[in-house]
Amino acid sequence: MARPRDERIDHAVLAATSALLREVGYSALTMEAIAQRAGTTKPAIRRRWKSQRHLVVEAMADDRIGVVEVDTGCTHCDIVGHLEALQAAMADPALGHVLPALVADLADDPELRGAFLDAVWRPRREACIASLSKGRERGDLRPGLDVDLVMDLFAAPIVFRALFGHRGLEARFPEDVARAVLSGVGTGETCRRRKSG
């Protein structure tokens, strides 16, 4: 009978991977360093993860960097909250500094790309979709919206600036993005806090 998997090793390896990503970055990360930091061996890690890239994706998913659930009763405020969390996540070395190098690996490995989209990207999209759904129920958003398109319109400016650095990510940028997108897809009643305040 096979020995049960020791979850303490799983947690230690994921924590070590996240810490090392912040310290040395994606390209300098090694299995040796992860094993040493986690107090385990490379074979123990290889038995658990298909590759170092798969381990990185699972560590990013485990961290849930930038995933927030927001429900202020104000569609505009909720979206700003999600975008602020995304902007902070892109400034975190364990996501924003890993993503540029990881994207190349995702392009060459459809299975890894699927794992990344499902485990890392989907939770933040689902949280934002929940806010958009509540906004639609309140009548803040036009009916029949393409939710995937709207999600991309919100996230793309922040991800694009974080990846290419052609412009800064100022503190008010999430507010500017939310206002610009909602002026096109909203009904004019997207910021209930401002109206009631």
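Trainee: Which residues of helix 5 meet helix 9?
Mentor: Thr75, His76, Ile79, Val80, Leu83, Glu84 and Gln87 of helix 5 meet Phe173, Pro174, Glu175, Val177, Ala178, Arg179 and Leu182 of helix 9. Contact means heavy atoms within 4.5 Å. Helices are DSSP runs (H or I, at least four residues), numbered from the N terminus.
Trainee: What classes are in that contact of helix 5 with helix 9?
Mentor: By class, it has 8 nonpolar, 3 polar and 3 charged residues. Ala, Val, Leu, Ile, Met, Phe, Trp, Tyr, Cys and Pro count as nonpolar, Asp, Glu, Lys and Arg as charged, and the others, Gly among them, as polar.
Trainee: Before I go on, what are the ground rules?
Mentor: This is a predicted model, where local features need pLDDT of at least 70 and side-chain atom pairs count only at pLDDT 80 or more, while totals for chains, interfaces and linings use all residues. Residues are numbered from 1 along each chain as its sequence is written, and side-chain values use heavy atoms, with hydrogens and water left out.
Trainee: New topic. Which residues does Leu55 contact?
Mentor: Leaving aside neighbours within four places in sequence, Leu55 is in contact with Val13, Leu14, Thr17, Met31, Ile34, Ile45 and Trp49.
Trainee: And where do helix 6 and helix 7 make their contact?
Mentor: First, the axes of helix 6 and helix 7 come within 6 Å and cross at roughly 130°. Axes are lines fitted to C-alpha atoms, for helices over the stretch in contact, and angles run from 0 to 180 degrees between N-to-C directions. Leu99, Leu102, Asp105, Leu106 and Asp108 of helix 6 make the contact with Pro110, Leu112, Arg113 and Phe116 of helix 7.
Trainee: Which classes there?
Mentor: The contact of helix 6 with helix 7 has 6 nonpolar, no polar and 3 charged residues.

Key:
Helices (H or I, at least four residues) and strands (E, at least two) are DSSP runs, numbered from the N terminus.
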